[in-house]
Amino acid sequence: MIFDVLTLFPKIFQGFLEESMILKALQQKAVEINLINIRDFTHDKHNSADDYPYGGGAGMVMKPEPLYEAITSVKKEDTPVIYFTPQGKLLQQNHVNEFSQKSHLVLLCGHYKEIDQRIRDSLVTDEYSIGDYVLSGGEIPAMVLIDAITRLQKGVLGDISSAHSDSHQKNLLGCPHYTRPAEFRGMKVPDILLSGNHQQIAKWRNKKAMEITRKNRPDLLEK
Ligand SMILES: C[S@@+](CC[C@H](N)C(=O)[O-])C[C@H]1O[C@@H](n2cnc3c(N)ncnc32)[C@H](O)[C@@H]1O
């Protein structure tokens, strides 16, 4: 999977690429993550990537020319170009599962008030929000999508069944987990998990997942 990330602030990604699962996935070549600085596609002497909005009002708008050049420098005919925006569809696990089947994604990080609408109209293929709140830029949403997709790539998690049993894969939340010691500050691990009876353990986990989902996200049970 190749991610081409278009951003005005590539340094935001530094720690993200240097730790944990993403580092491992990069080393295994399960993913390639290219950070492309939109400012490199500006041509005026001040390298301006934003300008005042037509019609007035507060906040700057990212200019269309650098965005157009940056996107078309990496986009192939069928590449999804994903723009992160609070106005987009809410990103869900089923979208992540679908995108994880692709081989190349262009991720466009906005900043300031907005990007010029003509780029959204002509080059962006998908618009996603990561939640009903407003961030200062699309870099964190891009990291969210990259992380969620990368952990589904072959060989990245030791055992992919771990990802398949996580929250949201079956419209259910995850269940409680415990590790050693069997008793911690007077709190005991449920007997069933020590029983070795895998059928009963699976049943218990499913029951707990249902209880947690009913309590915290009853909307998922209606799906
Ligand atoms: C300050 S926000 C702009 C918000 C925009 N004026 C609006 O009202 O929808 C700047 C950038 O951050 C990103 N962003 C902010 N919140 C986001 C969210 N919830 N999901 C995805 N991207 C977000 C987008 O790329 C957006 O262009």
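Because the model is predicted, local features are taken at pLDDT of at least 70 and side-chain atom pairs at pLDDT 80 or more, while totals for chains, interfaces and linings use all residues. Residue numbers start from 1 along each chain as its sequence is written.

The C-alpha trace of the chain spans about 70 × 40 × 35 Å along its principal axes, and the domain assignment, which comes from an automatic or database source, gives domain 1 (2–150) and domain 2 (165–221). The centres of domain 1 and domain 2, taken over C-alpha atoms, are separated by 36 Å. The secondary structure amounts to 10 helices and 10 strands, where helices (H or I, at least four residues) and strands (E, at least two) are DSSP runs numbered from the N terminus. Of the 223 residues, 22% count as buried; a residue is buried if 20 or more other C-beta atoms lie within 10 Å of its own, exposed if 12 or fewer, and partly exposed in between, with C-beta atoms placed from the backbone. Among the contacts with a separation of 6 or more, 78% join residues 24 or more positions apart, a contact being two C-beta atoms, placed from the backbone, within 7 Å.

The largest nonpolar core has 34 residues, and those with the most contacts inside it are Leu6, Ile82, Val106, Leu107, Leu108 and Ala142. Such a core is a set of buried Ala, Val, Leu, Ile, Met, Phe, Trp, Tyr and Cys residues joined through C-beta atoms within 7 Å. Two or more residues come from each of strand E1 (2–7), helix H3 (64–74), E5, strand E6 (104–108) and helix H6 (139–150), and H6 supplies the largest share, five residues. Leaving aside residues up to four places away in sequence, Leu6 touches Ile36, Ile38, Ala70, Ile71, Val106, Leu107, Leu108 and Cys109.

Around the ligand stand 19 residues, of which the closest are Phe84, Gly110, Ser129, Leu135 and Gly138; a residue is counted if its C-beta atom, placed from the backbone, lies within 6 Å. Strand E5 (residues 81–90) gives the most to this shell, with four residues. By class the shell has eight nonpolar, nine polar and two charged residues, where Ala, Val, Leu, Ile, Met, Phe, Trp, Tyr, Cys and Pro count as nonpolar, Asp, Glu, Lys and Arg as charged, and the others, Gly among them, as polar.

An open sheet of three strands runs in the order E3-E4-E7 with mixed pairing, two strands being paired if DSSP finds at least two bridges between them. Strand E3 (50–51) and strand E7 (114–115) each have a single partner strand, so one side of each is left without a neighbour in the sheet. Strand E4 (residues 61–62) pairs with E7 in the parallel sense over two bridges, and Met62 stands opposite Ile115 in E7.

Some backbone details remain. In the loop between helix H2 (20–27) and strand E2 (32–37), Lys29 has a positive phi of about 60° although it is not a glycine; Lys29 is exposed because it has 8 other C-beta atoms within 10 Å. The loop between helix H7 (161–164) and strand E9 (183–184) holds Pro181, which a cis peptide bond with omega of about 5° joins to Arg180. His168 is found in the loop between H7 and E9 as well, and its phi is near 80°, a positive value in a residue other than glycine. With 17 other C-beta atoms within 10 Å, His168 is partly exposed.
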